[in-house]
Amino acid sequence: MKIVGVIQARMGSSRLPGKTLRLINGKPLLQRVIERVQLSKSIHEIIVATTDQPEDKQIVKFCNTHNIRVFAGSESDVLKRFSDTARASDADIVVRLTADDPLKDPELIDQLVNMLVADDSADYASNTLTATFPEGLDCEVIRVASLFAANKEAAKPSEREHVTSYIYNSPHLFKVLELRNGFDAAEHRWTVDYLEDLLFAEAVYKEFEPRIDFGWKEILSLVTEKPDIANLNKQKAVRNEGYLRSLQDEDSSNAKK
């Protein structure tokens, strides 16, 4: 059984342009994400799924330089890009990850992979459907056959843009598993959308350097002991803001018909 980690990455962020290759303690954000995912014991290969837009040639060049496999596909139809990447990898199971999360936890990744592998009837496992972990630890594990089915059937713009939404919103078609934390830590924000988030990640890496294998509970202890670090990116960002905006756009479009 081949398990492939697919990291979605692009340069065209409206909130923090070019963030994918911005430096965190001397290394590009994308490299930080890759290093963390490489610590997973269950992932056999990592592929970066970027777009075929000119600005994302920088990502292709970075991956080629660092011997990371890369696939360039549709910018707007992210489900197709993800599905095409999975098909090119000959994967049985794919782990969906995003390039704006430099604090991904490899042990959480492995927990979710093991959860799906242990249940032959399950199609999808994640720790995102009920927010109990800090934002930025999000991970989704999908059987490739289920991903291909979603790519074939999903029709709404939000389903094409947000890769797994068709799967977890169709319980009559797919069996979905959830990993929830034993206590609610969802108030913490460890993803990178804004400059303040980048400064937060930089501060965390500096605290643990030269280690890159620190776990998420170590980060939680750090920000509890040093609230000045936690305060670096305390802002009004909404969790899953992009997905919620897509749903609102669909509602507005349907209302006008």
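Visitor: Does D193 count as buried or exposed?

Guide: Buried means under 20% relative accessible area, exposed means over 50%, and partly exposed lies in between, with a 1.4 Å probe and protein chains only. D193 has a relative accessibility of 9%, so it counts as buried. This is a predicted model, in which local features need pLDDT of at least 70 and side-chain atom pairs count only at pLDDT 80 or more, while totals for chains, interfaces and linings use all residues. Residues are numbered from 1 along each chain as its sequence is written, and side-chain values use heavy atoms, leaving out hydrogens and water.

Visitor: Which residue forms a salt bridge with D193?

Guide: A salt bridge is a side-chain nitrogen of Lys or Arg within 4 Å of a carboxyl oxygen of Asp or Glu. The partner of D193 is K19, and their closest N and O atoms are 3.1 Å apart. K19 is in the loop between β1 (3–8) and β2 (23–24), and D193 is in the loop between β9 (176–178) and α8, so the pair ties together parts that are 174 residues apart in sequence. The labels come from DSSP runs, numbered from the N terminus: helices are H or I with at least four residues, and strands are E with at least two. K19 also counts as buried, at 8% relative accessibility.

Visitor: Which residues are linked with K19 and D193 in a network of salt bridges?

Guide: The network also takes in R15, D100, E135, R189 and D197. A search of the whole structure finds 20 salt bridges.

Visitor: Where are E45 and R69, whose pair links distant parts of the chain?

Guide: The side chains of E45 and R69 meet in a salt bridge with an N to O distance of 3.2 Å. E45 is in strand β4 (residues 45–51) and R69 in strand β5 (residues 69–73), 24 residues apart. R69 counts as partly exposed, at 36% relative accessibility.

A further salt bridge joins the side chains of D77 and R160, 3.1 Å from N to O. D77 lies in the loop between β5 and α3 (78–89) and R160 in helix α6 (residues 157–161), so this pair ties together parts 83 residues apart in sequence. D77 is buried at 18% relative accessibility, and R160 is buried at 14%.

Visitor: How many residues of helix α1 are buried?

Guide: Helix α1 (residues 29–38) is mostly covered, with nine of its ten residues buried. Among them are L29, L30, V33, I34 and V37, together with R32 and E35.

Visitor: How is space in a pocket found?

Guide: Rolling a probe the size of a water molecule over the atoms shows where empty space is left. On a 1 Å grid over the protein atoms alone, a pocket is an open set of points where a 1.4 Å probe fits, with protein on both sides within 12 Å along at least five of seven lines; lining residues have an atom within 4 Å of a point. Here, about 310 Å³ of space lies in the second largest pocket. It is lined by 17 residues, and the closest to its centre are D105, P106, E107, L108 and G215. Helices α4 (106–118) and α9 (216–225) each supply at least two lining residues, and α4 gives the largest share, five residues. L108 is found in α4 and is buried, at 3% relative accessible area.

Visitor: Which residues other than glycine have a positive phi here?

Guide: Most residues other than glycine have a negative phi, and most peptide bonds are trans. N67 has a positive phi of about 55°. N67 is in the loop between α2 (57–65) and β5 and is exposed at 72%. D90 also has a positive phi, near 60°. D90 lies in the loop between α3 and β6 (93–98) and is exposed at 60%.

Visitor: Which residues does a cis peptide bond join?

Guide: The cis bond joins E209 and P210, with omega about 5°. P210 is in the loop between α8 and α9.

Key:
Points joined across faces, edges and corners; volume = space filled by probe spheres on them.
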